[in-house]
Amino acid sequence: MTITTGTWLGALENELQNNILGFWMKHTLDEDHGGFVGEIDNQMKVIPGAEKSLVLNARILWTFATAYRTYGSAEYLGMAERAYRYLLEHFLDKEYGGLYWMVDASGAPSQSKKQVYGQAFAIYALAEFHHATGNEEALNHAVEVFRVLEKYSYDTQYKGYIEALSREWEVTDELSLSDKDMNEKKSMNTHLHVLEGYTGLYRVWKSEELRVKLAELIDTMLVHIIDDQDQHFHLFMDEEWHVKSDVTSYGHDIEGSWLLVEAAEVLGDEALLERVRKVAVTMAEAVLAEGIDKDGGIWNEAGKNGLLNEEKDWWPQAEAMVGFYNAYQLTQDTRFMDASAAVWTFIDRYIVDHEHGEWYWAVDEHLQPLAHAPKVSAWKCPYHNGRACFEMIGRLQAAVKETH
């Protein structure tokens, strides 16, 4: 490890508060229509008329609720409350339950389908807002979304969750998250973030119905979504869990490794936690062996014939920093700590925008920022990088205490 724990901790505190949270407070408020702007390009130009996504708004709410819970700043609370109000006023479907996938720039529903991935992030954000503020209304909304997901999206025959349904919670052929995703009934990505949302909710709402569902979901992921041959996630499956894809996503693998551990820890099931810890380490081993470039950065995806491209996106770097450090905590194997520190060095050198704030979407094979990738968008939010900083700050602070 080429960086001391104290230096790393200080760098992450600065990165989180000044470069990430500061950017979102300064540049993203929509003063014309309320809430937050839908898109800002890499040249810092706000794109007029851009749609506003459920994912972006829920992730802003989660990030600033966590920031308020961590630091107690009135500014962070104000941002969280702004996101919370906008979510309830514009995304919440008061007729059919759940939340719309997209609203237009003025806040009217523009894509009203119920994408389960988006519902999961709403649960995650609302539960965290309650955790940070004690707001009972937020908790009630989170529980309502949980129950509507279980009513309509849960697969009673094969377990797991269907990708998407219509606004009225009826079967739809429009399943995919984005034009980059397969149009299949089930995906790793949706299950990973339902897991995340349910974990956040169980942290503040210890109900038996949720406990049973969270335990089942962890088991479902271990049995059906993780390939026990190569320790990677399967990305897409049909209703009966037949695998439909042959792509490896290194970022999702390393993210999932630590989220599964967190879920089992919050659940408090020691036998399940033991299973999960073993899988988390083997998944981290696989990414360490296959997914890291010599510069310390993590690749995006690989197929049967090798890497699909040589770009490095921002979010796998954030997740790798946490995932490798989590594997180090589980094993005390310093290879994992070194990998985590190397990813942070890569992030600071190439991914952080030290001029305007926030992180670039990606760098190309020459380590140059992608010129046309957005700085803010439906998918470019303060959550992967913000959360990585929160996680690492907490873990490094604990490490510092142990040494004194």
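**View 1. Buried residues of helix α7 and what covers them.** In α7, the residues Leu210, Lys213, Leu214, Ala215, Glu216, Leu217, Ile218, Thr220, Met221, Leu222 and Ile225 are buried, where buried means under 20% relative accessible area, exposed means over 50%, and partly exposed lies in between, using a 1.4 Å probe and protein chains only. The model shown here and in the other views is predicted, so local features need pLDDT of at least 70 and side-chain atom pairs count only at pLDDT 80 or more, whereas totals for chains, interfaces and linings use all residues. Residues are numbered from 1 along each chain as its sequence is written, and side-chain values use heavy atoms, with hydrogens and water left out. The cover over the buried residues of α7 includes α5 (136-152), α6 (188-204), β7 (236-237), α8 (250-267) and α9 (270-290); helices (H or I, at least four residues) and strands (E, at least two) are DSSP runs, numbered from the N terminus. Helix α7 has 18 residues (208-225), which should span 26 Å at 1.5 Å a residue, and this agrees with the 25 Å between its end C-alpha atoms; the expected span is 1.5 Å times one less than the number of residues.

**View 2. The packing of helices α8 and α12.** The axes of α8 and α12 are 14 Å apart, and the two helices pack at an angle of about 55 degrees, which makes α8 oblique to α12. Axes are lines fitted to C-alpha atoms, for helices over the stretch in contact, and angles run from 0 to 180 degrees between N-to-C directions; angles under 35 degrees count as roughly parallel, over 145 as roughly antiparallel, 65 to 115 as roughly perpendicular, and the rest as oblique. On the α8 side the contact is made by Glu255, Trp258, Leu259 and Glu262, and on the α12 side by Tyr383, His384, Arg387, Glu391 and Arg395, contact meaning heavy atoms within 4.5 Å.

View 3. Val281, Ala284, Glu285 and Leu288 of α9 make the contact with Arg335, Phe336 and Ala339 of α11. Phe346 also lies in helix α11 (residues 334-351), and Phe346 is buried, with a relative accessible area of 1%. Leaving aside neighbours within four places in sequence, Phe346 is in contact with Asp295, Gly296, Gly297, Lys312, Gln317, Ile351, Val363 and Leu367.

View 4. Two strands pair if DSSP finds at least two bridges between them, and β8 pairs with β9 (residues 301-303) over 2 bridges, with Ala302 in β9 as the bridge partner of Thr248. Another open sheet of 3 strands, also with antiparallel pairing, has the order β1-β2-β3; β1 (52-53) and β3 (109-111) stand at its edges with a single partner strand each, so one side of each is left without a neighbour in the sheet. Lys52 has Val103 in β2 as its bridge partner.

**View 5. Glu365 in a loop.** Glu365 lies in the loop between β12 (362-363) and α12 (383-403), and Glu365 counts as partly exposed because its relative accessibility is 48%.
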